Structures are given as structure tokens and as C-alpha cells.
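Thanks for coming, everyone. Let me put the structure up on the screen, and then I'll walk you through it.

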Amino acid sequence: MNLATIALVVLLVGYLLVRRMTGQLMEARRMLLLPTILAIVGLASLNSTDLSAGAIEFLLLGCVVGIAFGVIRAHTVRITERDGTAWMRYSVASVALWVAAVAVRVLLIPVESAIDPTAASVAGQATMLAVGIGFLAESVAVLYRAMHLDATIVWRADKGGNHTTSPTLADMHNRVRGGRTKIR
């Protein structure tokens with residue numbers, strides 16, 4: 001992984017962490033789009049000619065670790081209702097799980113390098129893929145948790161405070177809540 005990629009990962013992850021630590025409106029589009037972009041950029045950084053069986057195994061391991069930490073982290077996120085809409089905020093446990101995820105990833109580097117240095121190098125180049133997938137798993141799990149509330153889950157919000165909802169997301173929200181209509 002080159003220095004520019006590392007800087008991009010740090011900036012994007014830092015941006016998402018700060019926003020989620022300070023609390024934010026659960027804007028589903030943003031929650032799903034940024035992690036998806038991270039994952040796609042990470043996937044695009046792979047060179048298919050370097051993908052040995054060992055590299056694919058290490059990539060899958062990184063993605064599984066990312067997903068596991070993302071789903072666990074989602075259960076530490078505080079979800080509240082403000083003015084009829086769902087809001088989220090990281091707790092101290094959420095941040096601690098980010099630190100733990102980074103520690104696990106750092107501890108895996110020498111283990112993977114000892115097993116297959118070439119495959120470990122390829123897997124290291126796709127760190128953005130694992131981070132993006134972890135964030136995406138967290139976002140999906142948080143959105144699912146929020147669907148159990150009566151609060152509206154916003155698809156998109158503008159700076160003026162106008163909210164757009166998604167018919168598909170609203171239908172999913174209704175189904176998760178067992179067909180109950182929202183009480184306003």
C-alpha cells in the first residue's frame with residue numbers, strides 16, 4: 001500500500017469516526033455510499049495477476065475480521081429519535097472496538113508475512129477493501145436496528161434540513177416493524 005492510499009484511508013476513516021462520535025442524522029444514503037466507495041477503491045487496487053490462493057485467503061480473512069468488528073460495533077452505537085427522525089452516535093465502546101480492529105489487523109501482518117510474504121503484501125494493499133466492508137456491515141446493522149424504532153429513517157438530507165425518504169427503505173422499515181404504521 002503506497003503512502004497516498006494510506007493517507008486516503010486515514011482521512012476517510014477519520015472523517016467517518018468524527019462524524020459518528022459527535023452524533024449525526026441517520027442518512028441512509030451516506031451511511032451506505034461512503035463505505036461502498038471505500039470497498040470499491042480497495043477492490044480496484046488489487047491486481048488480478050497477483051491473486052494467489054494465499055492472497056485470496058488473506059483477503060477473505062481481512063474482510064471477515066472487518067465484517068465481524070463492524071457488526072459487533074453496530075450494537076454499541078446509540079440510536080435515538082430527534083424530531084421524528086433517527087440519529088446515531090458512537091459510544092466509548094464503539095471507539096474501543098475500532099482500536100481493537102486496528103490492533104487485530106496489525107497483529108495479523110506478521111502472521112500473514114510468516115506464512116506467505118507475497119500473499120501478505122497483496123492482502124495489505126487491499127486494506128481499504130476490508131475497512132470499507134467493515135464500515136458497510138456496521139451501517140447495515142445500525143440501519144436494521146433503527147428499523148425497529150418508530151423514527152423515520154432518512155435517505156438523504158440537505159443543508160436546509162429537508163429530508164428525502166426512500167420508498168424501498170420505508171417499505172423495509174414497515175416490514176421489520178411487523179406492518180405497524182408510524183405514530184406521529
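I'll start with the overall layout, then move to a few particular places.

First, a caution: this is a predicted model. The protein has 184 residues, and 40% of them count as buried. Its C-alpha atoms fill a box of roughly 60 × 30 × 30 Å, taken along the principal axes.

Now the secondary structure. There are 7 helices and 5 strands. Going along the sequence, the order is α-β-α-α-β-β-α-α-α-β-β-α. What about contacts along the chain? Take those between residues at least 6 apart in sequence: how many join residues at least 24 apart? The figure is 76%.

Next, a pair of helices. Helix 2 covers residues 28-44, and it packs against helix 6 at an angle of about 160 degrees. Their axes are 7 Å apart. An angle over 145 degrees counts as roughly antiparallel, so that is the label for helix 2 and helix 6. Their crossing is left-handed. Who makes the contact? From helix 2, the residues include M31, L32, P35 and L38. From helix 6, they include L129, G132, F135, L136 and S139.

Keep F135 in mind. How many aromatic pairs does the model have? The count comes to 1. The partners are W98 and F135, with 4.8 Å from centre to centre. Their planes are 50 degrees apart, and the pair is tilted. Why tilted? Stacked needs under 30 degrees and edge-to-face needs over 60, so 50 degrees falls in the rest.

Where do the two rings sit in the chain? W98 is in helix 4, residues 92-115, and F135 is in helix 6, residues 127-146. They are 37 residues apart, so the pair links distant parts of the chain. Are these two buried or exposed? The cut-off for buried is under 20% relative accessible area. W98 is at 10%, so W98 is buried. F135 is at 0%, so F135 is buried too.

R73 lies over the face of W98, at 4.0 Å from the ring centre. R73 also lies over the face of F135, with 5.8 Å to that ring centre.

Stay with R73 for a moment. A93 is 20 residues from R73 in sequence, yet their C-alpha atoms are 7.7 Å apart in space. A93 is in helix 4. Its relative accessible area is 36%, so A93 counts as partly exposed.

Now to the loops. D83 sits between strand 2, residues 78-82, and strand 3, residues 85-89. Phi of D83 is near 50 degrees, a positive value. D83 is also exposed, because its relative accessibility is 81%.

Last stop: A151. This residue lies in the loop between helix 6 and strand 4, residues 156-157. Buried or exposed? Relative accessibility is 0%, so A151 counts as buried. How far is A151 from E81? Along the chain, 70 residues; between C-alpha atoms, 5.9 Å.

Another is the left-handed crossing of helix 2 and helix 6. Over to you for questions.

How values were computed. Residues numbered from 1 in each chain as written. Predicted model: local features only at pLDDT ≥ 70, side-chain atom pairs only at ≥ 80, totals over all residues. Heavy atoms only, no water. Phe/Tyr/Trp six-rings, centres within 6.5 Å; stacked < 30°, edge-to-face > 60°. Helix = DSSP H or I, 4+ residues; strand = E, 2+ residues; numbered from the N terminus. Buried < 20%, exposed > 50% of the residue type's maximum accessible area, 1.4 Å probe, protein only. Lys NZ or Arg CZ within 6 Å of the ring centre and 35° of its normal. Axes fitted to C-alpha atoms, helices over the stretch in contact; angles between N-to-C directions. Parallel < 35°, antiparallel > 145°, perpendicular 65-115°, else oblique. Left-handed = near helix turned anticlockwise from the far one by under 90°. Contact = heavy atoms within 4.5 Å.
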